[in-house]
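Reader: Can you walk me through this one? Keep it quick.
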Protein chains: 2
Amino acid sequence: MTVVRSPTRVPSPRRREILDAAATLFAARGFHGVSIEEIGGAVGISGPALYRHFSGKESLLSEMLLDISERLRTSAVERATRAADGEQALDALLAGQIDFALDHPALITVHDRELGNVPEPARRRIRRLQRLYVEEWVTVLTELYPDAPPPRLRAATHAIFGLLNSTPHSAGELPRDAMAALLHRMARAALADLVNDH
Amino acid sequence: MTVVRSPTRVPSPRRREILDAAATLFAARGFHGVSIEEIGGAVGISGPALYRHFSGKESLLSEMLLDISERLRTSAVERATRAADGEQALDALLAGQIDFALDHPALITVHDRELGNVPEPARRRIRRLQRLYVEEWVTVLTELYPDAPPPRLRAATHAIFGLLNSTPHSAGELPRDAMAALLHRMARAALADLVNDH
DNA sequence: CTCGGATGTTAGTCATCATTAACCGATTCG
DNA sequence: CGAATCGGTTAATGATGACTAACATCCGAG
């Protein structure tokens, strides 16, 4: 039996390969600090061949950020709805973000660094997805801490993202499992503090 | 009586002005995404006039990061030595980093984003200062949690930096004082968790 | 008053870089 | 067998941008 072709075009492995290489380079020196030639070179082809896969450098970045934002958000929605209660939902969100940050440090880096270089049609969509992702967290947190005002929960969510996304800076300090456990516990403890007044 | 001229040249206000404007621009679109012309324009002069104050664009960036790293580190050393005990030292470090992050979000952003674009002589010095800053935190934490191995404390320190440096992302969610208090408490709670096993 | 330094200006120069053009081999499919 | 599509190549092209040159102005000191 043959595989059913989904309506979205089958993703060529080259595309993904290019996106991965570009993410690493962008994370190291920024979008404008990397040339098309370099990105091509990183995957064994040279320069203008990229235009067979992307319509331009900015499209490449747009697609990269769009993909990241989508993956984060849909993963969050899935995990949160699967959870039995608020506590489990929070743990699931934490685990998802931690896994992503540990598995794809370059994507995390690019994700919160390069939005300012995305051209306008795509930028709005990315921002929208990022906002939805944050609101997913805020919804879960609201269930756990009903007395905390939403702006406080939003600020706390961003703080937790910062904590979890520190992995690119502390790479190699601890084995992966220990790092995941440490981040999970620290984030949990930081959030537990929200239960208090003010 | 005339003021004694210190050996380091008196800092012209223009230099500082340029550094501030450049920091804001770099934070928004990255080092290579901003032109000399733009930086000049932001302070009312135009383009090549910058070369009267800096020997080049990269020197400008080097000096910016060097200055930030130095300020963070010396402030940390001062605060830590002034403190009576470990608890107070930690609170002082937290307060210092939080103030800096709230007062200079652009500098914070540039500081951990653009090291990869600093040319080699300066890069080493900046890394050194950053390392010393981290070790200052690790020293204080070691006093509080003598059983935790240093890599764990270093990872935790980076995580706390990420948490505190989230302010550029949550700008405007809360008034400054509330934000400072929230971050301080969350960081404290996250670190208190380190006292536990493993 | 005038000399010199500090600070600007505008007009090059030279590299780099994104993008396009023109061309080519392979694979698929009719 | 073609013919087309896919994915590459190398050689323009055109902008942009960092940096330099040449020249002006202001101002303080001798």
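Author: A definition to start. Ala, Val, Leu, Ile, Met, Phe, Trp, Tyr, Cys and Pro count as nonpolar, Asp, Glu, Lys and Arg as charged, and the others, Gly among them, as polar. Keep in mind that this is a predicted model.

Reader: Then how do the residues of the surface near DNA strand D divide?
Author: Seven are nonpolar, four polar and four charged.

Reader: What about A:His53 and a phosphate oxygen?
Author: An N or O atom in the A:His53 side chain is 2.7 Å from a phosphate oxygen of DNA strand D. For A:Ser46, a backbone N or O atom lies 3.0 Å from one.

Reader: Switching topic. How can chain A be laid on chain B?
Author: By a turn of 180° and a shift of 0.0 Å along the axis, with an RMSD of 0.1 Å. That is the relation of a two-fold axis. The same surface serves both copies, as 100% of the contact residues of chain A recur in chain B.

Reader: Now helix H6 of chain B. How many residues?
Author: H6 of chain B has 25 residues, 120–144. Its first and last C-alpha are 36 Å apart, close to the 36 Å expected.

Reader: Which residues of H6(B) are buried?
Author: Among them are B:Ile126, B:Leu129, B:Tyr133, B:Trp137 and B:Leu141.

Reader: What do the buried residues of H6(B) pack against?
Author: Helices H3, H4, H5, H7 and H8 of chain B.

Terms used:
Residues are numbered from 1 along each chain as its sequence is written. Chains are lettered from A and ligands numbered from 1 in the order in which they are written. This is a predicted model: local features need pLDDT of at least 70, side-chain atom pairs count only at pLDDT 80 or more; totals for chains, interfaces and linings use all residues. Side-chain values use heavy atoms; hydrogens and water are left out. Copies are superposed by least squares on the C-alpha atoms of residues with pLDDT of at least 70 in both. Contact means heavy atoms within 4.5 Å. A polar contact is a pair of N or O atoms within 3.5 Å; within protein, one must be able to donate a hydrogen and the other to accept it, and residues adjacent in sequence count only if both atoms are side-chain atoms. Helices (H or I, at least four residues) and strands (E, at least two) are DSSP runs, numbered from the N terminus. The expected span of a helix is 1.5 Å times one less than its number of residues. Buried means under 20% relative accessible area, exposed over 50%, partly exposed in between (1.4 Å probe, protein chains only).
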